[in-house]
Amino acid sequence: MIDTHCHIYQEYYDDIPKVINEIKNAGVEKIIVNGCDMKSNLEVLKLVKEYDCVYGAIGFHPTELDDNIDNNLSWLNDHINDNKIVALGEIGLDYHYDSTDKNKQIIYFKKQLEIASKNKKPVIVHTRDAIQDTYDILSCYDVSGSIHAFSGSKEMAREFIKLGFYIGIGGVSTYKNAKNIISVIEDISLAYILLETDSPYLTPVPYRGQTNSPAYLPIIAKKIGDIKNVSYADVIRVTTDNAFSLFDF
Ligand code: NI
């Protein structure tokens with residue numbers, strides 16, 4: 001079982017060795033820690049060296065963009081092929097806040113997609129209130145990846161799958177108001193689903209309200225099995241295969 005999207009930073013976890021132990025005990029064999037800005041990206045490079053089970057994605061998140069674009073992109077270019085860095089992420093578009101500079105987000109997103117395409121790395125995509133722009137931009141690049149914490153319609157999910165993307169499913173699927181994501185999970189094949197927690201955010205029920213952990217990934221696997229009426233073992237087997245096809249571990 002592989003957590004394809006989480007943020008295990010010191011800022012959120014006092015005792016990272018303890019979290020890593022809990023992850024292993026829960027049967028989660030690998031996690032992909034995603035960076036969001038320079039500080040967290042540097043932490044990702046450190047974590048992948050410290051822990052066998054930790055792999056990394058580095059990138060600049062749409063709500064964490066600064067004006068050092070040239071510096072940031074050249075740093076990304078220099079490190080994207082480092083050992084155990086398996087993707088560019090977390091990158092994307094987020095139009096949720098009125099203060100958003102859409103233009104800056106789009107420039108950063110496109111430049112990072114160029115780096116991914118040039119280096120044949122998958123991308124881990126964040127998209128909030130921006131799904132059509134995200135789709136239109138991704139369709140211009142020769143990239144594959146994951147649409148993390150997917151919140152669009154089942155029709156949109158199918159379109160992203162046609163582009164070569166997987167759909168990242170996490171704790172939201174366990175929430176009371178999860179109708180939309182449940183209809184997506186019912187509709188698409190398990191062959192296009194990736195498990196993720198987005199820890200420390202989006203904690204699944206019954207732990208909602210507490211800090212999330214990749215150790216809760218089995219809850220999400222079980223929920224997907226219940227929704228699709230397939231066994232827990234099959235959910236784990238297929239989604240793990242999916243992660244291995246997308247990411248070069
Ligand atoms: Ni995230």
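These legends describe close-up views of a predicted model.

**View 1. The sheet is open and has eight strands.**
Its strand order is E1-E2-E3-E4-E5-E6-E7-E8. The pairing is parallel. Strand E1 (2-6) and strand E8 (193-195) form the edges. Each of these two pairs on one side only. From one strand to the next, the twist averages 30°. Helix H8 (residues 217-228) packs on this sheet. H8 touches E1, strand E7 (165-169) and E8. The direction of H8 makes about 150° with that of E8.

**View 2. Strand E4 pairs with E3 and with E5.**
E4 spans residues 85-94. Strand E3 (residues 54-58) is joined to E4 by three bridges, and the two run parallel. On this side, Gly-56 stands opposite Ile-85 of E4. Strand E5 (residues 123-128) is joined to E4 by five bridges, again in parallel. Ile-91 has Val-125 of E5 as its bridge partner. For Gly-92, the bridge partner in E5 is His-126. E4 is mostly covered, with 10 of its 10 residues buried. In general, strands of a sheet pair through backbone hydrogen bonds.

**View 3. Gln-112 is a buried residue of helix H4.**
H4 covers residues 102-118. The relative accessible area of Gln-112 is 1%, so the residue counts as buried under the 20% limit. Leaving aside neighbours within four places in sequence, Gln-112 is in contact with Gly-59, Phe-60, Leu-73, Leu-76, Leu-88 and Ile-91. One of these contacts, Ile-91, is the bridge partner of Val-125 in E5.

**View 4. The largest pocket holds about 610 Å³ of space.**
Its lining has 31 residues. The closest to the pocket centre are His-61, Glu-90, His-126, Asp-198 and Tyr-201. By class, the lining divides into 11 nonpolar, 10 polar and 10 charged residues. His-126, listed among the closest residues, is also the bridge partner of Gly-92.

**View 5. The second largest pocket has a volume of about 170 Å³.**
Its lining includes Tyr-13, Asp-14, Asp-15, Lys-18, Val-19 and Glu-22. Gln-210, Thr-211, Asn-212, Ser-213 and Tyr-216 also line this pocket. Three of the lining residues are nonpolar, four are polar and four are charged.

**View 6. One cavity reaches 30 Å³ or more.**
About 40 Å³ of space lies in the largest cavity. Its lining includes Ala-149, Phe-150, Gly-168, Ile-169, Gly-170 and Gly-171. Val-172, Ser-173, Ile-181 and Leu-202 also line the cavity. The class count is six nonpolar, four polar and no charged residues. In general, such empty space is shown by rolling a probe the size of a water molecule over the atoms.

**View 7. Ile-161 is a buried residue of helix H6.**
H6 covers residues 154-162. Ile-161 counts as buried because its relative accessibility is 16%, under the 20% limit. Outside the four places in sequence on either side, Ile-161 is in contact with Ile-167, Ile-188 and Tyr-192. Lys-222 is 61 residues from Ile-161 in sequence. In space, the C-alpha atoms of Ile-161 and Lys-222 are 23 Å apart.

**View 8. Leu-190 is a buried residue in a loop.**
This loop runs between H7 and E8. Leu-190 has 11% relative accessibility, so the residue counts as buried. With neighbours within four places in sequence set aside, the contacts of Leu-190 include Ile-224, Lys-228, Val-230 and Asp-234. Leu-190 is also in contact with Val-235, Val-238, Thr-239 and Asn-242. Ile-167 lies 23 residues from Leu-190 in sequence. The C-alpha atoms of Leu-190 and Ile-167 are 9.6 Å apart. Ile-167 is one of the contacts of Ile-161.

Terms used. Residues numbered from 1 in each chain as written. Predicted model: local features only at pLDDT ≥ 70, side-chain atom pairs only at ≥ 80, totals over all residues. Heavy atoms only, no water. Pairing = 2+ DSSP bridges. Helix = DSSP H or I, 4+ residues; strand = E, 2+ residues; numbered from the N terminus. Axes fitted to C-alpha atoms, helices over the stretch in contact; angles between N-to-C directions. Contact = heavy atoms within 4.5 Å. 1 Å grid on protein atoms, 1.4 Å probe; cavity = no way out; pocket = protein on both sides within 12 Å on 5 of 7 lines; lining within 4 Å. Points joined across faces, edges and corners; volume = space filled by probe spheres on them. Nonpolar A, V, L, I, M, F, W, Y, C, P; charged D, E, K, R; others polar. Buried < 20%, exposed > 50% of the residue type's maximum accessible area, 1.4 Å probe, protein only.
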